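Subject: Structure for you to look at

Hello,

Here is the structure I said I would pass on. My notes follow below it.

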Amino acid sequence: MSIPFQIVVCGSIVPDPLQTLEPVTGSGAPSLKNEMMLPAVLDPWAGHALFEAAHLAAKTPGSKVWLVSLGPKAKLQQVMMMVAQKAPFELVALDGPASGFCDSFETAAALASAIEAIPGLDRARLLLFGGWESASRGAGSTLQMIGERLGIAEQFQGVDQLTVRDDGSLEILERIEGGQHQVSVCAAPPAALGWATGHLPEPRNNPQVGMANMRTIMPALQRSKPAPLPATGLCFASVSLPKQQRETRIVKDLSPEEIAREIVAWVKED
Amino acid sequence: MENILLLAHTETDGTLAKPALEALTAALALGGELTIGLVGATVQPAAGQVANAGAVRILAVCGDAFAAPRYATDAAAAEALARASGAALVLAPSTSRWARAIPGAAFRLNGRVDTHATNLAIRNEVPAVSRWFYRQRMEAVLTRAQRPWFVLLDAGCCEPWSGEPGAATVELLPLEVPATRTTVTGVQSPKAGEQTIRPDAKLLFVAGAGWTKKQSDGAVHGAEAEGLIRGFLRAANASLGSSKSLVDMSGEGEAVLNFMSHLNQIGQTGATPRHAKGLSTCCHGEEPHVVGWRFITQRRAVNLDANCGWARGKADVLYVADAFAVMRAVNRLMA
Ligand SMILES: Cc1cc2nc3c(=O)[nH]c(=O)nc-3n(C[C@H](O)[C@H](O)[C@H](O)COP(=O)(O)OP(=O)(O)OC[C@H]3O[C@@H](n4cnc5c(N)ncnc54)[C@H](O)[C@@H]3O)c2cc1C
């Protein structure tokens, strides 16, 4: 038995991890130096959530995937050009900051309102997906608060696997301590799942999927509502880069045995 | 100082694990009136453990329904304890269990939450949280006006509280078990049956994709790589980390290093563990990997390439050498 799912994936954009980031503080919330100029990518764990959603939808006929994304409209557009080729989805865009310094409480409020406004969304069949942590704030708290706002109390975090069982129930593997997974069975949707890496490789670009997606992505971006995210009550006393550089001793002329002796002595010292 | 609630869940034997005792140290250091809130199937052993910590009250939600980590029951328990305590600050260890449930509980109290705190201390007379942003690339100190303020403290940031156990009075909160459609059925251990992730180990051993690449003889030596890595992990009792490239390969079904998974991955989209030392082998040391080393104090690397990322101020020592030869010799010496 496979009941079609309505899968809403929450995912935004983050600076490309290969970029050097520098904080800028002043009046108001901190930001990143040249934030609007930095190349951006789909937030990686949210990306895994999207690929898992698309995979599940493809296996479960009648299912549908939405990607709800809050970020600066122009940057969203750039990233969506690439993401569109990966998996079929309908975009719901919110024009606002994607900064790590925004509060998850406010982000969750904006995203939950956008989800509530999706026409025809059947909340009884809703699977709310997202990354378990963003690469910007890294808080792992947004999805829970969206879930609360939508009345979803079946929630899972650090998800690596979702299996729909014959009776329609969901078996879910969540990351726990010590490299283990907790196994749970959720009788039926709605449920919220914060994805870790999952099991799927990044899908290859598919220009046909891209073309189909772009037909809805551009109007969605044009329609995107402003979501300014007030940071009431949150105050940053400082933001600083770590003292990064170590004095690296580069050892080139030792034999493997000599290196091994050094390493073993180092491993054994307290 | 405002009133503080320390939230802790018990282990299967009813006691508190190290992360909870670390959070207790942090809570006591703030100096406010402390309530301890316990959740679990049984809580009396935990209450006895912290009887002499100086808490004014020990509250608990307990029963079989609260044994297994599960959002619906844990969020309800945390919510009930926070309400009953009336605390302005709610501190909890950042375990997978609390990380799942606390943000929802904070929402229900119209509070705010900060996770992955590395410090919570009084600064200019108000509590301030230190935490990292952009995957450990920058550290911020922040304060909040809203209360209750829930803070999840990362493990390894404080010494665990220790004190004599004693007799404790526990106030049990009557809490109706919330309706839930979720049943926790068990725990799955890593494939190949070997525990390679050891958060308490002194040493992190990182294997990179180089272990699976063609070597100077033009061949791939997957089996030897596996033997060397496993041998070293056992001898040094080290925790095993990996680069993304290496586990992505295993994920895609290549027959190499099958005992590793994405759970071993360190970095931007992996873990950021805390260990006193880290030894990287056959890993290039690119920034998305090395951000996961933020809390590794001493760092050494073995790489054939003298210009790899580790050479650029990311490691204390870079040995330019063949990791196969080095680890063969290391394992001989460790035996
Ligand atoms: C969005 C995003 C997120 C990412 N997240 C992560 C992450 O979380 N973690 C992560 O690790 N990476 C991450 N990356 C990937 C990262 O940029 C690198 O591609 C990756 O870390 C490279 O892995 P590697 O060093 O093992 O492999 P390679 O770059 O292939 O390097 C292999 C190394 O092995 C060395 N070598 C080969 N044979 C030997 C030998 N016999 N002895 C000694 N040395 C040898 C080579 O000199 C080389 O330096 C991410 C990238 C992106 C874009």
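At what angle do helix α4 of chain A and α4(B) pack, and how far apart are their axes? The angle is about 50° and the axes are 8 Å apart. Axes here are lines fitted to C-alpha atoms, for helices over the stretch in contact, and angles run from 0 to 180 degrees between N-to-C directions. α4(A) and α4(B) are therefore oblique to each other (under 35 degrees counts as roughly parallel, over 145 as roughly antiparallel, 65 to 115 as roughly perpendicular, and the rest as oblique).

Before the rest, some ground rules. This is a predicted model, in which local features need pLDDT of at least 70 and side-chain atom pairs count only at pLDDT 80 or more, while totals for chains, interfaces and linings use all residues. Residues are numbered from 1 along each chain as its sequence is written, chains are lettered from A and ligands numbered from 1 in the order in which they are written, and side-chain values use heavy atoms, with hydrogens and water left out.

Helix pair. α4(A) covers residues 142–149, and α4(B) covers residues 96–108. Among the residues that meet are A:Gln144 and A:Met145 from α4(A), and B:Pro103 and B:Phe107 from α4(B) (contact means heavy atoms within 4.5 Å). By class, this contact has four nonpolar, two polar and four charged residues. α4(B) also lies across β9, β10 and β11 of chain A, at about 115° to β10(A).

Sheet. An open sheet of 10 strands runs in the order β13(A)-β7(A)-β6(A)-β1(A)-β8(A)-β12(A)-β9(A)-β10(A)-β11(A)-β10(B), with mixed pairing. Helices (H or I, at least four residues) and strands (E, at least two) are DSSP runs, numbered from the N terminus; two strands pair if DSSP finds at least two bridges between them. The edge strands are β13 of chain A and β10 of chain B. Six bridges join β6(A) to β7(A), which run parallel, and A:Leu67 has A:Leu91 as its bridge partner in β7(A). Helix α3 of chain A packs on the sheet, touching β1, β6, β7 and β8 of chain A.

Chain B hairpin. β5(B) and β6(B) form a hairpin with two residues between them, and B:Asn124 in the turn has a positive phi of about 50°. These strands run antiparallel and are joined by six bridges, with B:Arg123 opposite B:Val126.

Chain A overall. Chain A has six helices and 15 strands. Of its 270 residues, 57% count as buried (under 20% relative accessible area, with a 1.4 Å probe and protein chains only).

Regards

How values were computed
Ala, Val, Leu, Ile, Met, Phe, Trp, Tyr, Cys and Pro count as nonpolar, Asp, Glu, Lys and Arg as charged, and the others, Gly among them, as polar. Buried means under 20% relative accessible area, exposed over 50%, partly exposed in between (1.4 Å probe, protein chains only).
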